[in-house]
Amino acid sequence: MNSASHGSGTLSSLPKRSTATCLVRTAGVVLAMLLTLGVLQPTSLGAQVVAPDWQIDAAAWELSSQVTARVVANEMDISGTGHRLAAFVGDELRGVATPVQLGQNTWLFFLSIFAHVNAETVTFKVYLADRGVVADVRDSLLFRANAIDGAPAAPIELNAFVDFD
């Protein structure tokens with residue numbers, strides 16, 4: 001039997017489920033590191049990565065509000081082009097924005113949110129172009145017509161977590 005040594009035992013002596021779980025987790029960590037370092041691009045993994053087709057018709061809505069946001073994924077500010085931030089009420093898209101660079105290291109989203117009534121809970125999703133994933137944002141807000149949440153000097157912070165397991 002061909003087996004690799006591992007401490008006092010061998011890989012073949014471990015339960016198959018544990019070995020498989022360890023290998024999958026290790027592969028996920030390595031893949032995440034390679035994507036983060038830019039060694040691999042999502043499209044080089046053999047799966048076609050397509051950005052969500054989030055589009056909104058502003059003229060179809062009676063009310064709007066404005067959000068200036070800094071998006072943080074896995075405790076790191078999102079920077080660069082290609083990312084998208086989308087606002088939703090339930091499953092209905094209510095706004096979409098791409099990041100704008102302000103200064104050397106600051107990327108902000110200037111998002112218009114649309115509605116027909118006040119006091120709806122708005123949730124967010126972010127498309128991370130460099131990882132090819134859509135992540136739920138943990139933060140939400142209550143829609144208020146004509147509201148302005150955040151500003152370039154003091155953007156609101158929206159937090160997302162991407163799990164590679």
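**Figure 1. Overall chain.** Which pattern does the chain follow, read along the sequence? The answer is β-β-α-β-β-β-β-β-β-β-β-β-β. There are 1 helix and 12 strands. Helices (H or I, at least four residues) and strands (E, at least two) are DSSP runs, numbered from the N terminus. This is a predicted model: local features need pLDDT of at least 70, side-chain atom pairs count only at pLDDT 80 or more, and totals for chains, interfaces and linings use all residues. Residues are numbered from 1 along each chain as its sequence is written, and side-chain values use heavy atoms, with hydrogens and water left out. Of the 165 residues, 31% count as buried (under 20% relative accessible area; exposed is over 50%, partly exposed in between; 1.4 Å probe, protein chains only). The chain exposes about 10,100 Å² (Shrake-Rupley method, 1.4 Å probe; for residues, only the protein chains shown count as cover). Carbon and sulfur atoms supply 54% of that area. Among contacts (heavy atoms within 4.5 Å) with a separation of 6 or more, 63% join residues 24 or more positions apart.

**Figure 2. Confidence along the chain.** Where pLDDT is low, the predicted coordinates should not be read in detail.

**Figure 3. Histidine 83.** This residue sits in the loop between β4 (76–77) and β5 (84–89). Histidine 83 counts as buried because its relative accessibility is 3%. A polar atom of its side chain lies 3.0 Å from the backbone oxygen of serine 79. Not counting residues up to four places away in sequence, histidine 83 touches Ile78, Ala97, Thr98, Pro99, Phe109, Tyr127, Leu128, Ala129 and Asp130.

**Figure 4. Glutamate 120.** The loop between β8 and β9 (121–128) holds glutamate 120. Its relative accessible area is 18%, so glutamate 120 is buried. Contacts of glutamate 120, leaving aside neighbours within four places in sequence, are Val89, Arg94, Ala115, Leu141, Leu142 and Phe143.

**Figure 5. Phenylalanine 110.** Strand β8 (residues 106–115) contains phenylalanine 110. At a relative accessible area of 37%, phenylalanine 110 is partly exposed.

Technical notes
Polar contact = N/O pair within 3.5 Å; in protein donor to acceptor, adjacent residues only side chain to side chain.
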